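Me: I am new to this structure and would like to know what the terms used for it rest on. Please start with the record and then go on to the ligand.

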Amino acid sequence: MESSQVAVIGSGLIGRSWAMVFAAGGFKVKLYDIAQQQLTGALENIRKQMKELEESGFLKGSLNAEKQLALISICTDLKAAVEGATFIQECTPENLELKKKIFAQLDLIVGDNVVLSSSTSCLLPSKLFTGLKHVKQCIVSHPVNPPYFVPLVEIVPHPETDPSTIERTYALMKKIGQSPVKLNREIEGFVLNRLQYAVISEAWRLVGEGVISPTDLDLVMSDGLGMRYAFIGPLETMHLNAEGISNYCERYREGMKLVLNTFGPVPEFSGETEQKISQAPSLQHSSQPSPSGSTSLIQAMSEKIPVVPKHLNARREWRDECLTGLAKLKKQMSSN
Ligand code: NAI
């Protein structure tokens, strides 16, 4: 149904990743940015990533890296970039005015059959698309960083988005191997960030109140909850942790309410707790007791992963390797 050509607007972190995901799915990609230099750098980075992925056996799709690379071309002319595309994925900086300007430009040059999709993390479709002539064709497709390794895409419609736009976007995401979910209406933070912020908020409170160290807090997720959440969500967890959902509610409803009623107000995310977390102990040595009872004995998190590109990027690379391994495992487990 869809032509096999898409346009990606903005060639930063997310734009590059989308370009790779579309190319892995066999789509021709026109990657647009305002500066030629930015695009050249992006293409070079994509080439490097694809080669490395191919060497390590993690390249997605059925085409080899050279063939996938050949599908991606770069362009600094917006009109030329979107010509022939049936899907446009916008990936410019998270700035409402800038994005509105870009969608207004696109609105003037696109036809009636293209989907105009934004990668925005938190701007509501009603803020981005209201008033556009092609509003029925507009949608948010919010990826998770890094989209190449984490497949979820939240599809969020504007109140006037046509149902066919939602369906086409959903089908396309499936086709390129992503894992789309549909929101029936827009809501602040969409769903992923609402869940994420609920977790961050409670984590912040627990550390702030001295209940647990920052390092151990992270372990609760990475060696506890996160292990199962990579495979089943919180609702299925309820179902399996008792004899079905109703039985879970019967058993735990009062306990859950009791605990939830002790949650405090929204934290400020600043001040003492911020200092405490940014100087948290290393991720690896949490089980070592601290004779002084403080966290200072253990290497600070910012020492473990200094906030400089070299160290942050090394840790990100490690994270991406973990996610790739996890994706493989998930695939293996689901085909069992
Ligand atoms: P980025 O800053 O890495 O890339 C933005 C790109 O847009 C740059 O290449 C820049 O040159 C280009 N650009 C700036 N003005 C432009 C214009 N007028 N026309 C075309 N291109 C223009 O940003 P990043 O991280 O890739 O984010 C892009 C979008 O994706 C944002 O809306 C962000 O909220 C969303 N997003 C980001 C995630 C993340 O973790 N970084 C995760 C999920 C969504």
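Me: What does UniProt place at residues 5-184?

Reply: An unreviewed UniProt entry places "domain: 3-hydroxyacyl-CoA dehydrogenase NAD binding" there, at residues 5-184. UniProt positions are given in the numbering used here, feature names are shortened, and annotations may be inferred rather than shown by experiment. Over residues 5-184 the chain is 42% helix and 21% strand. Helices (H or I, at least four residues) and strands (E, at least two) are DSSP runs, numbered from the N terminus. For residues 189-255 the unreviewed entry has "domain: 3-hydroxyacyl-CoA dehydrogenase C-terminal", and that stretch is 76% helix and 0% strand.

Me: How do you know these values, and what do they rest on?

Reply: This is a predicted model, where local features need pLDDT of at least 70 and side-chain atom pairs pLDDT 80 or more, while totals for chains, interfaces and linings use all residues. Residues are numbered from 1 along each chain as its sequence is written, and side-chain values use heavy atoms, with hydrogens and water left out.

Me: Which residues come nearest to the ligand?

Reply: Asp33, Gln38, Glu94, Lys99 and Ser121 come nearest, out of 22 residues around the ligand. A residue counts as near if one of its heavy atoms lies within 4 Å of the molecule. Helix 5 gives the largest share of this shell, three residues.

Me: Where does Pro146 lie, and what kind of peptide bond joins Asn145 and Pro146?

Reply: Pro146 lies in the loop between strand 6 and strand 7 (152-157). The bond is cis, with omega about -10°. Most residues other than glycine have a negative phi, and most peptide bonds are trans.

Me: What is the phi of Phe190?

Reply: Phe190 has a positive phi of about 50° although it is not a glycine. Phe190 is placed in the loop between strand 8 (179-182) and helix 8 (192-208).

Me: How do the residues of the shell around the ligand divide?

Reply: They divide into nine nonpolar, ten polar and three charged. Ala, Val, Leu, Ile, Met, Phe, Trp, Tyr, Cys and Pro count as nonpolar, Asp, Glu, Lys and Arg as charged, and the others, Gly among them, as polar.
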